[in-house]
Amino acid sequence: MVFFIGILMPWNDERLLGKGSKTAASPLTIALSDARIHAGASLINSVIVIAVISAGNSSLYVSSRTMLFMARSGKAPRILGKVTKSGVPWVALLFSNLIACIAFLSVSESAGTVYEALITLSGVATFIVWGTIATVHIRFRKGLAAQNQSVDTLPFKAMWYPYGTYLALAANVFLIFFQGYTAFLNPFSAKDFVVSYILLPVFVVLLVGYKLWKKTKVVKLEEMDLWTGRREGRLTRNNLHTDEEHADDEVKNKGFLKKAKEVIIG
């Protein structure tokens, strides 16, 4: 797909997004417009708008529920844990929308630069998150072994462990440090360096600050709590299938309006 889009137009087309551009168009829209297929260009724009709305809706849902959990577990201000009678975390949702206002930077004179910075920051954040997930998974499996617990009690086991998990950790660490290599090219760019690596000290400060504030410590493998939060009856694969079939029956018995309400409101 990238190859075919790349041969539709030159890389330096002024209508594409660049550091000095204020607005930009989709490569597919530009190609269809050049081919005088204006209806197709309008269709592509409609698809892009729908996709953006869907992605924004999903992001608001995930971010608000994540902050709700963090607030109720003492990892975020308690006010973010407030919900409506139907369970919607309205404070966290409003806070998420407030942060989303950063999207209005796209109408600034340097929209291209802002866009590249946001893409870089979100990419580094993703690498940090997945690197952390891999680290937690490795320690979880080591904790099981240290406490003589069988992995067969788990309803799901990651494929290719431990090689796949260690490979994922190594890949994310490599990408975290390598993704900003362009900042070191001649001449050195202090701005690109800050954008590429600013999240690393922020991550360390938040981690160390939380542990100092809460006075927590690194839990030993033998002392890990591997049972709190597990759902009863889901310790085996057969029980997992039974629970899933029961959940499917409950969904089928719900009316259409109730399903629509749960999808839209929560």
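Start by colouring the protein by confidence: the lowest values sit in helix H9 (residues 237–253), at a mean of 51, and the highest in helix H6 (residues 163–178), at 93. The score here is pLDDT, the predictor's confidence in each residue, from 0 to 100. Helices (H or I, at least four residues) and strands (E, at least two) are DSSP runs, numbered from the N terminus.

This is a predicted model, in which local features need pLDDT of at least 70, side-chain atom pairs count only at pLDDT 80 or more, and totals for chains, interfaces and linings use all residues. Residues are numbered from 1 along each chain as its sequence is written, and side-chain values use heavy atoms, leaving out hydrogens and water.

**Stop 1: the whole protein**

Zoom out. The mean pLDDT is 80, and 80% of the residues reach 70 or more. Of the 266 residues, 17% count as buried; buried means under 20% relative accessible area, exposed over 50%, and partly exposed in between (1.4 Å probe, protein chains only).

Now select residues 235–243. Here pLDDT stays under 50, and the model has 17 contacts beyond four places in sequence for this stretch. A contact means heavy atoms within 4.5 Å. Where pLDDT is low, the predicted coordinates should not be read in detail.

**Stop 2: Ser-64**

Jump to helix H3 (residues 38–72) and pick out Ser-64. Is Ser-64 buried or exposed? Ser-64 counts as buried because its relative accessibility is 0%. Show the neighbours: leaving aside residues up to four places away in sequence, Ser-64 touches Pro-89, Ala-92, Leu-93 and Ser-96.

Next, look at what the side chain of Ser-64 is doing. One of its polar atoms lies 3.0 Å from the backbone oxygen of Tyr-61. The side chains of Ser-64 and Arg-65 are joined by a polar contact of 3.1 Å. A polar contact is a pair of N or O atoms within 3.5 Å; within protein, one must be able to donate a hydrogen and the other to accept it, and residues adjacent in sequence count only if both atoms are side-chain atoms.

**Stop 3: Thr-132**

Head to helix H5 (residues 111–146) and select Thr-132. Thr-132 counts as partly exposed because its relative accessibility is 33%.

**Stop 4**

Most residues other than glycine have a negative phi, and most peptide bonds are trans. So where can you find the exceptions?

- Go to the loop between H5 and H6 and select Pro-162. A cis peptide bond joins Tyr-161 and Pro-162, with omega about 5 degrees.
- In the loop between H5 and H6, click on Asn-148 too. Asn-148 has a positive phi of about 55 degrees although it is not a glycine, and Asn-148 counts as exposed because its relative accessibility is 73%.
- Move on to the loop between H8 and H9 for Lys-215. Phi of Lys-215 is positive, near 55 degrees, in a residue other than glycine. Lys-215 is exposed, with a relative accessible area of 74%.

**Last stop: Phe-188**

Finish in the loop between H6 and H7, where you'll find Phe-188. Phe-188 counts as partly exposed because its relative accessibility is 48%.
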